[in-house]
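Hi everyone, thanks for coming. Let me put a structure up on the screen, and then we can walk through it together.

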Amino acid sequence: MVTLDPCSRLNTIYCQLVPSIIQDAEDNKYLNTRSVIESGFEKLEEKSYQLGQKCSNCGNCGKCEAETIENLFLDIRESLEVIWAKQLSNKLHQVVNEPLLVC
Ligand SMILES: [Zn+2]
């Protein structure tokens with residue numbers, strides 16, 4: 001088993017786990033998995049802060065400061081909201097159009 005330093009693990013979160021969460025949200029055609037994605041996302045955010053604290057000695061890597069992590073996760077949250085708002089409006093659109101299809 002490879003043990004990565006906190007800095008590299010944060011990098012994995014930024015470069016692999018976060019994009020995969022966003023991809024999951026985009027692929028999600030059904031709104032009922034939103035809560036699953038949200039709770040996974042919150043755990044990831046928590047983990048990032050823990051790693052950031054462990055790595056606070058590494059100085060100028062630029063990824064581990066709490067402020068950087070906070071801004072990043074705010075950005076991701078916004079992206080997710082946009083994705084979900086779009087899906088919701090698509091869904092509403094479908095509901096509105098359903099009677100037309102039945103006729
Ligand atoms: Zn670092």
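**Starting from one isoleucine**

Let's begin with Ile-21, which lies in helix H1; helices here are DSSP runs of H or I with at least four residues, strands are runs of E with at least two, and both are numbered from the N terminus. Before going on, please keep in mind that this is a predicted model, where local features need pLDDT of at least 70, side-chain atom pairs count only at pLDDT 80 or more, and totals for chains, interfaces and linings use all residues. Residues are numbered from 1 along each chain as its sequence is written.

Is Ile-21 buried, exposed or partly exposed? Ile-21 is partly exposed, because it has 19 other C-beta atoms within 10 Å. The cut-offs are 20 or more for buried, 12 or fewer for exposed, and partly exposed in between, counting other C-beta atoms within 10 Å, with C-beta atoms placed from the backbone.

What does Ile-21 touch, apart from neighbours within four places in sequence? Its contacts are Ile-37, Gly-40 and Phe-41, a contact being two C-beta atoms, placed from the backbone, within 7 Å. Gly-40 is 19 residues from Ile-21 in sequence, and their C-alpha atoms are 8.3 Å apart.

Now to Ile-13, also placed in helix H1. H1 has a kink of about 35° centred on Ile-13, the bend being the angle between axes fitted to the seven residues ending there and the seven starting there. Not counting residues up to four places away, Ile-13 touches Val-18, Leu-44 and Ser-48. Ser-48 is 35 residues away in sequence, yet 7.6 Å away in space, C-alpha to C-alpha. As for H1 itself, its buried residues are Pro-6, Leu-10, Val-18 and Ala-25.

Next comes helix H2, residues 34–54. With 21 residues, H2 reaches 30 Å from first C-alpha to last, close to the 30 Å expected at 1.5 Å a residue; that expectation is 1.5 Å times one less than the number of residues. Its buried residues are Phe-41, Ser-48, Leu-51 and Gly-52. Seen down the axis of H2, they fall within an arc of 95°, so they line one face of the helix; the arc is that of the directions from the axis to the C-beta atoms. On the other side, exposed residues include Ser-35, Glu-42 and Lys-43.

Finally, let's zoom out. The chain has 3 helices and 0 strands, and buried residues make up 10% of its 103 residues.
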